[in-house]
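Work through the exercises below with the sequence and the model open. Try each task before reading its solution.

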Amino acid sequence: DEIGLIPCPEARYNRSPIVLVENKLGVESWCVKFLLPYVHNKLLLYRQRKQWLNKDELIDITCTLLLLNPDFTTAWNVRKELILSGTLNPLKDLHLGKLALTKFPKSPETWIHRRWVLQQLIQENSLPSLATKGNLGAAPVERIHRLVQEEMNVCSEAAGRYPSNYNAWSHRIWVLQHLAKLTVKVLLDELSSTKCWVSMHVSDHSGFHYRQFLLNSLIHRTVTDNNTLVQNQMVNEQNPSLRKEEESAETEATCAEEQSVDLPSRLDEEMELCSELIDNYPGHETLWCHSDESLNNSHRSPAASHMAQAMDVDGLNESSSKQGYTQETKRLKRAPVQDSLGPEMEYRFVDKVLSTCRDVDQARFATAYRKWLVTFLGQ
Amino acid sequence: MHVGGEVDVRSAYCAASVASLTNIMTPALFAGTAEWIARCQNWEGGIGGVPGMEAHGGYTFCGVAALVILKQEHLLNLRSLLHWVTGRQMRFEGGFQGRCNKLVDGCYSFWQAGLLPLLHRALHARGDPALSMAHWMFDQLALQEYILLCCQCPAGGLLDKPGKSRDFYHTCYCLSGLAIAQHFGSGDLHNEVVLGIPENCLQATHPVYNIAPEKVARAVMHFLQYPVPSLDLA
């Protein structure tokens with residue numbers, strides 16, 4: 001489940017350089033300068049049609065090559081051809097990639113190939129008549145779910161192996177967009193499962209950016225569903241004879257379920273998480289950026305949409321961009337319940353940080369944040 | 001980036017760069033491209049590899065430069081972009097970081113600092129009265145200090161940061177960034193700001209194509225002699 005290079009400049013004993021301990025594969029470094037050119041050359045000769053390799057040899061050679069240098073695009077492309085011709089099970093490449101990422105967590109080509117493989121698997125999924133080569137049994141939806149979970153794990157591991165791993169986090173986002181279709185459930189699940197991770201990686205801007213992506217997607221989801229709801233209501237009102245019972249009932253049911261996503265409290269939770277981390281780990285710019293944006297979002301969220309439903313659809317669209325309007329309706333809506341994290345709370349938090357912190361960077365971030373609060377809330 | 005390969009904002013820049021220099025641009029070729037690039041700008045103000053992704057210096061340069069070529073910079077929120085990129089210059093090192101909370105890297109001397117000439121031009125076109133007529137909106141001397149003092153390999157060539165080894169990529173982009181930092185504007189408005197001895201001064205580079213401005217002019221003039229190729233399969 002993991003590969004690595006064992007620093008061993010000279011072959012001391014007449015034995016294999018491959019070491020396998022508890023499911024971890026090690027290669028002694030002295031052999032790489034012999035092994036890599038050898039397999040590399042063999043593959044190139046095959047590609048140039050100067051030397052034939054059969055399917056099994058190809059699989060072995062590319063596997064060896066990619067574990068030594070996973071950015072060798074040609075090797076991945078040979079495997080693409082093998083997959084397309086039905087000789088290689090795509091799941092093997094997911095496993096190979098996962099292994100390569102334990103040593104090369106950023107490797108762009110590995111992530112790119114991984115997305116290609118996943119796309120093949122999704123297409124396969126939508127054609128149930130195709131033999132699934134070992135994936136038999138599970139229903140398509142469950143298969144996708146398992147694939148998604150596995151991808152989340154792979155991304156998480158890779159993100160932990162290299163700080164601010166852009167490629168790992170973009171892959172994670174891609175999987176949510178293309179495999180999981182950004183359902184509310186998966187967005188919420190990801191928010192809770194990454195909470196612990198980001199708390200342990202407070203300078204990892206990519207990790208926090210991921211949470212912004214999740215929150216933004218949730219907001220967007222709610223707005224879209226509310227738009228559909230409002231539009232359906234309007235259509236129903238105007239043309240009662242044309243009412244599509246099934247469609248509107250279904251949309252309303254979905255919206256009802258999704259409106260049960262309490263967006264304001266999610267955003268409040270995010271602010272709380274930020275404040276807590278800022279207190280515990282002074283001087284991390286990432287946390288302050290995240291705080292800025294979360295506060296921004298909580299004032300722009302469609303909590304106002306409930307009010308706007310009475311108004312026309314255009315009004316609803318505008319509310320997310322006119323900050324003054326949203327703030328007002330948000331206050332109206334939440335009047336009976338006390339704002340847990342209103343602006344006063346933020347001022348108090350920042351002033352507290354400023355008076356108690358001793359870290360120079362923390363003081364600078366806090367001062368900037370305070371200025372931003374004044375500008376932002378002053379509008 | 002290549003057939004069956006990754007899709008991201010870099011390819012838009014490569015395509016726009018090549019097509020504009022060789023006079024093969026048609027409206028069909030870049031239909032929808034500008035709008036797609038604009039979607040790559042996120043809440044941070046910078047631009048990510050694809051829509052939804054974290055803002056990143058390399059991708060931001062590619063996105064903005066492509067939009068400049070396509071004459072569609074106005075599709076971006078220039079204010080938040082300016083806020084983001086200026087925040088990327090490190091107050092201690094003087095060089096630029098690629099993303100928030102990451103370390104300085106010599107190559108961002110071009111990807112990030114190179115944004116300021118592009119922004120300057122875009123804001124100038126809007127008639128912004130606050131623009132300087134002598135300096136870019138970043139600390140030009142501080143960047144030059146970082147490159148000259150920290151990014152040179154004693155054996156020749158340039159690098160990411162002290163402790164890293166030299167390579168052609170970092171040599172190219174450290175030098176490109178140095179050129180950007182030393183030269184403001186062009187023609188009548190040209191203002192040189194050179195740290196150290198005059199011999200440190202490099203030739204100016206074109207902020208969109210990153211080749212000598214004269215070469216850009218010559219390429220454009222040469223290819224204008226030929227008609228734009230048609231896509232008809234005659």
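**Exercise 1. A side chain in a loop**

Which backbone nitrogen lies 3.1 Å from a polar atom of the side chain of N165(A)?

Solution. The backbone nitrogen is that of A168(A). This is a predicted model, in which local features need pLDDT of at least 70, side-chain atom pairs count only at pLDDT 80 or more, and totals for chains, interfaces and linings use all residues. Residues are numbered from 1 along each chain as its sequence is written, chains are lettered from A and ligands numbered from 1 in the order in which they are written, and side-chain values use heavy atoms, with hydrogens and water left out.

Now place the residue. N165(A) sits in the loop between α6 (140-161) and α7 (166-178) of chain A. Helices here are DSSP runs of H or I with at least four residues, strands are E runs of at least two, and both are numbered from the N terminus. Next, look for another backbone partner. The backbone oxygen of A158(A) is 3.2 Å from a polar atom of the N165(A) side chain. Then check accessibility. N165(A) counts as buried because its relative accessibility is 0%. The cut-offs are under 20% relative accessible area for buried, over 50% for exposed, and partly exposed in between (1.4 Å probe, protein chains only). Finally, list the contacts (heavy atoms within 4.5 Å). Not counting residues up to four places away in sequence, N165(A) touches P105(A), K106(A), A158(A), A159(A) and S206(A).

**Exercise 2. An arginine in α7**

Is R172(A) buried or exposed?

Solution. First locate R172(A): helix α7 of chain A. Its relative accessibility is 3%, so R172(A) counts as buried. Its side chain makes a polar contact with the side chain of Y210(A), at 3.4 Å. A polar contact is a pair of N or O atoms within 3.5 Å; within protein, one must be able to donate a hydrogen and the other to accept it, and residues adjacent in sequence count only if both atoms are side-chain atoms. Leaving aside neighbours within four places in sequence, the contacts of R172(A) include M152(A), C155(A), E190(A) and Y210(A).

**Exercise 3. Salt bridges in chain A**

Which residue forms a salt bridge with R79(A)?

Solution. Apply the rule: a side-chain nitrogen of Lys or Arg within 4 Å of a carboxyl oxygen of Asp or Glu. The partner is D93(A), with the closest N and O atoms 2.7 Å apart. R79(A) is in helix α3 (residues 73-84) and D93(A) in helix α4 (residues 90-103), 14 residues apart. Both R79(A) and D93(A) are buried.

Take a second pair. R161(A) and E157(A) form a salt bridge at 3.2 Å between the closest N and O atoms. Both lie in helix α6, four residues apart, about one turn of the helix. R161(A) is partly exposed, at 33%, and E157(A) is partly exposed too, at 47%. Now extend the pair. D1(A), E2(A), K24(A), E157(A) and R161(A) are linked in a network of salt bridges.

**Exercise 4. The interface**

How many salt bridges does the rule find across the interface of chain B and chain A?

Solution. The rule finds one. R88(B) and E285(A) form a salt bridge through their side chains (3.7 Å, N to O). Count the residues in contact: 18 of chain B with 24 of chain A.
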